[in-house]
Amino acid sequence: MFGFLNGGMNGGMNGGMNGGMNGGPGPGSGGSGAGVLPFDGTLELTQFDTAQIPVGTSFAKSSWSPDLRAQLILGEFGGSNWRQFEETETIQGEKWQHVDGFTIAPPPLDQTDNIEAELAYLLERSQFDRSGARMAEIARQADYSIDYWTNLLSLTSANKPATMTLMASGFAIGQMVGMYFKDFFSRSRPAHHLPSLMTVLPTPNHPSFPSNHALQNELVGLMILRCLPDKLKTCYGDAIRSLGYRIGENREIAGLHFTQDSDAGRQIANWLDRSYIGNLGTVQSIVSEARDEWHVSDQSEARNLPYLNPINISANANTPVVTDTEETQ
């Protein structure tokens with residue numbers, strides 16, 4: 001896929017920026033969708049004595065690798081004052097307050113009631129929600145949550161490169177900000193308190209609070225919403241918000257994060273989107289490009305489906321079970 005910073009990814013980079021800085025992908029590596037083709041020398045010209053060279057060309061923005069172009073947004077964001085905290089209100093490991101008033105102060109896990117409630121919830125989810133399909137989903141989202149976004153909205157770097165760039169910036173910004181707060185709070189993971197929880201995946205080697213999967217994927221959803229036409233926001237908005245929430249929730253089912261980790265990640269993402277990201281000139285420029293990628297005619301309209309609730313499948317029969325507001329077809 002791409003070299004995006006994934007939704008957590010144990011604090012690292014997924015495949016390193018399009019094959020990393022090691023001279024590009026080798027044959028079969030898949031880093032750019034094609035292997036390196038060996039070729040001896042330059043291609044012989046058969047029709048011309050002198051090569052023709054185009055003049056005045058420039059590199060098309062649509063030809064950028066989205067994850068690399070996203071670094072332009074990350075660089076501008078990094079120069080803002082997002083880390084400027086109120087010194088008199090901030091307490092290392094306990095409370096962080098920005099100068100604009102935004103505050104993160106998680107319930108202390110060294111209090112019995114707090115830790116028991118958190119662990120009881122995770123134990124319940126591990127017992128009832130670790131189905132085969134959900135487990136496969138959790139495993140894939142550990143490093144490739146981007147795949148769920150591209151599948152949801154039929155996105156590729158070919159058909160919507162600017163939109164993909166905004167998404168990549170959500171992962172990149174979320175990764176950096178999440179690590180900053182993880183270092184500030186230094187919270188232990190659920191398995192550090194209760195090893196018998198038996199996590200679905202190995203416990204990541206960085207602190208628990210906040211959840212980067214929740215932060216990054218909430219931020220990706222907000223970035224997508226920035227570039228959608230209003231009619232598509234109405235149609236796609238709930239699905240976008242639901243996917244971002246689910247990816248964070250899956251980390252709780254896996255036993256890797258407390259609910260307070262996920263909640264904080266989403267709060268931070270919304271704060272960043274509201275207070276910083278929309279003000280970045282690079283974002284505003286790329287959002288303008290991205291909106292042109294979503295083609296919605298003036299005659300298009302949003303319509304409600306003829307049913308209100310989804311059909312559920314009975315556990316004891318292969319027949320649909322409908323709610324009071326539904327009729328069988």
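Predicted model: local features only at pLDDT ≥ 70, side-chain atom pairs only at ≥ 80, totals over all residues.

Reply: Residues are numbered from 1 along each chain as its sequence is written, and side-chain values use heavy atoms, with hydrogens and water left out.

Me: Why is W82 called buried?

Reply: Buried means under 20% relative accessible area, exposed means over 50%, and partly exposed is in between (1.4 Å probe, protein chains only). W82 has 3% relative accessibility, so W82 counts as buried.

Me: What makes W82 and Y180 an edge-to-face pair?

Reply: Rings of Phe, Tyr and Trp (its six-membered ring) pair if their centres lie within 6.5 Å; planes under 30 degrees apart count as stacked, over 60 as edge-to-face and the rest as tilted. W82 and Y180 are 5.1 Å apart, centre to centre, with 80° between the planes, and that is edge-to-face. The two also belong to one aromatic cluster, along with residues including F77 and W271.

Me: How do you know that the length of helix α3 agrees with its number of residues?

Reply: Helices are DSSP runs (H or I, at least four residues), as are strands (E, at least two), numbered from the N terminus. The expected span is 1.5 Å times one less than the number of residues. For the 17 residues of α3 that gives 24 Å, and the end C-alpha atoms are 24 Å apart, so the two agree.

Me: Which residues of α3 are buried, and what puts them on the same side?

Reply: The buried ones are I115, E118, L119, L122, R125 and S126. They cover an arc of only 120° around the axis, which puts them on the same side of α3. (The arc is that of the directions from the helix axis to the C-beta atoms.) On the other side, D113, A117, Q127 and F128 are exposed.

Me: Why do E289 and R69 count as a salt bridge?

Reply: A salt bridge is a side-chain nitrogen of Lys or Arg within 4 Å of a carboxyl oxygen of Asp or Glu. The side chains of E289 and R69 meet at 2.8 Å, N to O, and that makes a salt bridge. This pair links distant parts of the chain, 220 residues apart.

Me: Are those two partners buried or partly exposed?

Reply: E289 has a relative accessible area of 24%, so E289 is partly exposed. R69 has 5%, so R69 is buried.
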